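This briefing is meant to be read alongside the sequence and the three-dimensional view. It goes from the chain overall to helix packing, and then to individual residues.

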Amino acid sequence: MWLEVGVLLRGTCGQLGRTIGLPCGALGPGLHWWGTCGGCQAQRFHQDGPGRGLGEEDIRRAREARPRKTPRLQLSDRSRERKVPASRISRLANFGGLAVGLGLGALAEVAKKTLPGGHLQSEGGSQLGSSPFLSEANAERIVQTLCTVRGAALKVGQMLSIQDNSFISPQMQRIFERVRQSADFMPRWQMTKVLEEELGRDWQAKVASLEEVPFAAASIGQVHQGLLRDGTEVAVKIQYPGVAQSIQSDIQNLLAVLRMSVALPEGLFAEQSLHALQQELAWECDYRREAACAQNFRQLLADDPFFRVPALIQELCTTRVLGMELARGVPLDQCQDLSQDIRNQICFQLLRLCLRELFEFRFMQTDPNWANFLYDISSHQVTLLDFGASREFGTEFTDHYIEVVKAAADGDREQVLQKSQDLKFLTGFETKAVSDAHVEAVMILGEPFATQGPYDFRAGDTAHRVQDLIPVLLRHRLRPPPEETYSLHRKLAGAFLACSRLGAHIDCRDLFQDTYHRYWASRQG
């Protein structure tokens, strides 16, 4: 249940191409794609303590540190225009072909190695591993299949690409890293068919132009840059056909093939985590729901001086098409060369937002992909993106969860154990090893909120320390964790990882204590 804490977030982006509709000329440098489509990436910035904004010196240093010209994001060189198999039969055929191909590839690899002089490395001169199933040829078969079918199967592949090597072998990591970087995009005729089905045959009347080649392509859909007739620059997310109807079968088919051919860690895809993944993917495939979530966040953050949410383009919003204002911004990984003060401000705001989402709004965008946070240096604001995985949290859950965090912040291990049982993390009948591992994981996560003064996230090495405890928790737990924690812990892990990557030194204790007192004042009021 703590697997998400070890996540390393990465992503892929897209390429601008020809234009459909009326020519609009150059759309200008420095434009970043508005959001992700189920697995791409980017990022954000601000404040080093409550109530303190950027000073003039901060702004000057940030402007000097940014690149002179922000390059347009582009699709991976491996991305290709390729039809998405839309029917379940055609998708099943791809998985069946993969299973047969892996088996034949393994036999061929065994035969090579049994021939005289057959120390043979895999094709292409690179050896992925000792297993015949992990040959270079089979690696390419997995990559090609997942990048062809896309959807839930590609999403799982992307998830596997970011797991720590204590769960996935380095050979498998390399295979799925190639999957993550190689999402293909729909041909024009297939993309146009989706637009016609969703927006009508006259869809071109709704835009002045739309780039034919997307600038982002991932597991659920792809994002195109466009221009409205009033001159508004927009990003239009278009869903791949068939992915919404094939979520459950895609996941089952992929895992069946992988379990047959390579060893996946016990407990990695337990029944409840698979159910949570399927539910989340179903949410991400419903663009009307995502539009409603985006609008909700736009209202919740309307008075926030730092965060903003792009406006929806209502005439471009349907179940499989989503249009929003195009966002400008600097990805968070481009903030790593900024001053320590500014990086501290970025991370303070990341944590502030997480605490507000969980304990004030009780409504959270749970995808921690750095691409979902763009910092615009001209307005000194962060634009939030991609709301498909947004979800609500009930007061019964947050009442208990905030007490678990409070106990960790107070260094009270007994209270952590008791409150974890109240939250139904534990039954109370676990072995001492499991109880100790759970409490230790909570205490590690609570360290930033327990530390007096600035906490050094890079030195804390939170993710790897928790990762060491996960095997015990996966193998010996007596009950699955609360359903809400799968997505919540992924979001919190992403925030902690960002703080670590940016080398943040920030005072988190006062931030949490203030949140705690405000929470209970609100609940009792």
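This is a predicted model: local features need pLDDT of at least 70, side-chain atom pairs count only at pLDDT 80 or more; totals for chains, interfaces and linings use all residues.

A residue is called buried when its relative accessible area is under 20%. Leucine 385, with a relative accessible area of 0%, is therefore buried.

**The chain overall**

- The chain holds 18 helices and 13 strands, and of its 525 residues 59% are buried.
- Among contacts in the chain with a separation of 6 or more, those between residues 24 or more positions apart account for 79%.

**Packing of H10 and H17**

- Helix H10, which covers residues 340-361, packs with helix H17, which covers residues 484-501, at an angle of about 165° and with the axes 9 Å apart.
- Because angles over 145 degrees count as roughly antiparallel, H10 and H17 are roughly antiparallel to each other, and their crossing is left-handed.
- On the H10 side the contact is made by Cys347, Leu350, Leu351, Cys354, Glu357 and Leu358, while H17 contributes Leu488, Lys491, Leu492, Ala495, Phe496, Ala498 and Cys499.
- By class, the residues of this contact between H10 and H17 comprise 11 nonpolar, no polar and two charged.

- Helix H11 (residues 395-409) packs with H13 at an angle of about 75°, and their axes are 7 Å apart, which makes H11 roughly perpendicular to H13.
- In this pairing, Val404, Val405, Ala408 and Ala409 of H11 meet Val442, Met443, Gly446, Phe449 and Ala450 of H13, giving a contact with eight nonpolar, one polar and no charged residues.
- The axes of H12 and H13 cross at roughly 105° and come within 10 Å, so that these two helices are likewise described as roughly perpendicular to each other.
- Here Arg413, Val416, Leu417 and Ser420 of H12 meet Ser435, Asp436, His438, Val439, Glu440, Val442 and Met443 of H13, and the residues of the contact divide into five nonpolar, three polar and three charged.

**Buried residues and their surroundings**

- Serine 435 is found in helix H13, which covers residues 432-450, and with a relative accessible area of 12% it is buried.
- Tyrosine 401 lies in helix H11 and is buried, with a relative accessible area of 7%.
- Leaving aside residues up to four places away in sequence, tyrosine 401 touches Leu358, Phe359, Leu423, Phe425, Leu488, His489 and Leu492; among them, Leu358, Leu488 and Leu492 also take part in the contact of H10 with H17.
- Tyrosine 401 and leucine 423 are 22 residues apart in sequence, and the C-alpha to C-alpha distance between them is 6.7 Å.
- Leucine 385 lies in the loop that runs between strand E10 (381-384) and strand E11 (390-392).
- Although leucine 385 and valine 309 are 76 residues apart in sequence, they are 7.0 Å apart in space, taken C-alpha to C-alpha.

**Loop residues with positive phi**

- Arginine 362, a residue other than glycine, has a positive phi near 50°, and its place is in the loop between H10 and strand E8 (363-365).
- With a relative accessible area of 24%, arginine 362 is partly exposed.
- Lysine 424, also a residue other than glycine, has a positive phi near 75°, and its place is in the loop between helix H12 (413-422) and H13.
- Lysine 424 counts as partly exposed as well, at 44% relative accessibility.

Note on methods
Residues are numbered from 1 along each chain as its sequence is written. Side-chain values use heavy atoms; hydrogens and water are left out. Helices (H or I, at least four residues) and strands (E, at least two) are DSSP runs, numbered from the N terminus. Buried means under 20% relative accessible area, exposed over 50%, partly exposed in between (1.4 Å probe, protein chains only). Contact means heavy atoms within 4.5 Å. Axes are lines fitted to C-alpha atoms, for helices over the stretch in contact, and angles run from 0 to 180 degrees between N-to-C directions. Angles under 35 degrees count as roughly parallel, over 145 as roughly antiparallel, 65 to 115 as roughly perpendicular and the rest as oblique. A crossing is left-handed if the near helix is turned anticlockwise from the far one by less than a right angle, and right-handed if clockwise. Ala, Val, Leu, Ile, Met, Phe, Trp, Tyr, Cys and Pro count as nonpolar, Asp, Glu, Lys and Arg as charged, and the others, Gly among them, as polar.
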